[in-house]
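Please read the following briefing alongside the sequence and the coordinates, which are shown next.

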Amino acid sequence: MRDPLPTGESTLDVSIIVPFWNEAGNLLRLSEALREALSGQTRSWEVLLVDDGSTDTSVGDAEGIREADEHFRLVSLKTHLGKSAALAAGRDRARGSFIVTIDADLQDPPDMIPVFLDKLDEGFDVVAAVRNKRQEPMHRRAASAVFNRTMKWATGVPLQDMNAGLKAYRKSVIDTIHLSRGMHRFIPVLAHGLGFSVAEVPVQHGERFAGRTKYGPWRYVETVASLGTVMLLRHGPDAAMHKLTRTAALFGAFGTALILLGWLLGMPAIQVGGVITFLLGTQFLVGRLVAEILLQFHCSASSALPAYEAESPAPVEESLRP
């Protein structure tokens, strides 16, 4: 039986969020590696296995892990919504002051998690992995290199590898970022734009143990389509509203000037250009108003996704201690 789990306050030191979609064959090995990496910690911890609508035996594997070890929790989305939605569902239910995300494919080393946590203890807000000797096809490495260099140049964020699944955050940081589809790649960019500190830790990248990669050509299209949103929002919603308002004012003023100039010179073509420019400014203003309405709606609504968690076999207070 599964019941909705309300968002709770942070009562643990660390929450590990593992989004998975059809990762049969990987979850059991990953759970063993996580247990080995975290059991020696003085920090209290939990692992949230977040099922993103799997259709293979992954959920059964996760159920077995949860029943065998009370540190593990299982959260299931009703359908496949993507990695950002899975991370958001885990974040909304996490009780740790620190949040660590790691993919279920075993390509990022779980034994490096304590190093990431130590880095957060030093005072950093976001810690991202830099994957060494990546075990991926050449075209994926090349596309990732182009993406990372472009983002570093465009945003000034001092990260070499923004796509790594292994990252660590203060929960207060990741709570400030709205994870719409595809935005999980840009969390460090958005956090940096809001003034949070960012650091990197090199890790040894490994081969996928079982299953196949979930990334295809659509991923690059989705990433490019999200860049405009990231550049607009990277300093926060208020700054984005200011940019839209300023752009609308500039287009409106320039359009009005062209209309007056065309009228004074008796040149209808200039007036038409002025009208088009003025209308573009109006569109930016309307876009700003719509964005404001959507932002207010989002802030007033619950951020929890329609996800369900399997019931714990023991009280939380007793089951989540290391």
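Does arginine 91 count as buried or exposed? With a relative accessibility of 6%, arginine 91 counts as buried, where buried means under 20% relative accessible area, exposed over 50% and partly exposed in between, for a 1.4 Å probe and protein chains only. This is a predicted model, in which local features need pLDDT of at least 70 and side-chain atom pairs count only at pLDDT 80 or more, while totals for chains, interfaces and linings use all residues. Residues are numbered from 1 along each chain as its sequence is written, and side-chain values use heavy atoms, leaving out hydrogens and water.

**Strand S4**
- Six of the six residues of strand S4 (residues 72-77) are buried, so the strand is largely enclosed by the rest of the structure; strands are DSSP runs (E, at least two residues) and helices likewise (H or I, at least four), numbered from the N terminus.
- Strand S3 (residues 45-51) pairs with S4 in the parallel sense over five bridges, pairing being assigned if DSSP finds at least two bridges between two strands, and leucine 49 has leucine 74 in S4 as its bridge partner.

**Salt bridges**
- The structure holds 12 salt bridges, each a side-chain nitrogen of Lys or Arg within 4 Å of a carboxyl oxygen of Asp or Glu.
- Arginine 91 and aspartate 92 meet through their side chains in a salt bridge (3.2 Å, N to O), and aspartate 92 is buried at 5% relative accessibility.
- Arginine 35 and aspartate 69 form another salt bridge (2.7 Å, N to O), linking helix H1 (residues 27-38) to the loop between H2 and S4, 34 residues apart.
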